[in-house]
Amino acid sequence: MVCPRCHDKDIGRIGVRRYYCSNCCCEFKEKPDAVILYRLLEDGKYQQVRAIDKKATCE
Ligand SMILES: [Zn+2]
């Protein structure tokens, strides 16, 4: 598993199918068909940035 945004391998697991990338400060959730990318806002809420189709990233 690598960060879908910056492709960094140094990611931490924070929950079931939930990961955090300390390189670009993004959280992402793994789904069967896609990876959902979140951005942490200043008020502590998460905003969905985009969904990345796994088929497109799986090479
Ligand atoms: Zn990243």
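## Strands, hairpins and a nonpolar core

Ile36 stands opposite Ala51 in β5. That pair belongs to a predicted model, in which β4 and β5 run antiparallel and are joined by seven bridges. Here is a friendly tour of the strand pairings, the core they share and a few backbone angles worth a look.

**From β2 to β3**
- Strands β2 and β3 are paired in the antiparallel sense, with four bridges.
- Cys21 has Cys26, in β3, as its bridge partner.
- Four residues sit between the two strands of this hairpin, and Cys25 takes a positive phi near 55° there.

**From β3 to β4**
- The pairing of β3 with β4 is also antiparallel, and it runs over five bridges.
- Glu27 finds its bridge partner in β4, namely Tyr38.
- The hairpin that β3 and β4 form leaves three residues between them.

**From β4 to β5**
- The hairpin of β4 and β5 has five residues between its strands, and Gly44 in this hairpin has a positive phi near 90°.
- Strand β5 covers residues 46-53, and because zero of its eight residues are buried, it lies largely in the open.

**The nonpolar core**
- The largest nonpolar core has seven residues: Cys3, Ile11, Cys21, Cys26, Phe28, Val35 and Leu37.
- Two elements, β3 and β4 (34-40), each give two or more residues to this core.
- As background, nonpolar side chains tend to be buried together in soluble globular proteins.
- Phe28, one of the core residues, is in contact with Pro4, Tyr19, Val35, Ile36, Leu37 and Tyr38, once neighbours within four places in sequence are left aside.
- Among those contacts of Phe28 are Val35 and Leu37, which are core members too.
- Ile36 is another contact of Phe28, and this is the residue that stands opposite Ala51 in β5.
- Tyr38 likewise touches both topics: Tyr38 is in contact with Phe28 and is the bridge partner of Glu27.

- Arg17 has a phi near 60°, which is positive although the residue is not glycine.
- The position of Arg17 is the loop between β1 (11-15) and β2 (18-21).
- Arg17 is partly exposed, because 13 other C-beta atoms lie within 10 Å.
- Cys25 is a further non-glycine residue with a positive phi, near 55°, and Cys25 lies in the loop between β2 and β3 (26-30).
- With 11 other C-beta atoms within 10 Å, Cys25 counts as exposed, whereas Cys26 belongs to the largest nonpolar core.

Technical notes
Residues are numbered from 1 along each chain as its sequence is written. This is a predicted model: local features need pLDDT of at least 70, side-chain atom pairs count only at pLDDT 80 or more; totals for chains, interfaces and linings use all residues. A residue is buried if 20 or more other C-beta atoms lie within 10 Å of its own, exposed if 12 or fewer, and partly exposed in between; C-beta atoms are placed from the backbone. A nonpolar core is a set of buried Ala, Val, Leu, Ile, Met, Phe, Trp, Tyr and Cys residues joined through C-beta atoms within 7 Å. Two residues are in contact if their C-beta atoms, placed from the backbone, lie within 7 Å. Two strands pair if DSSP finds at least two bridges between them.
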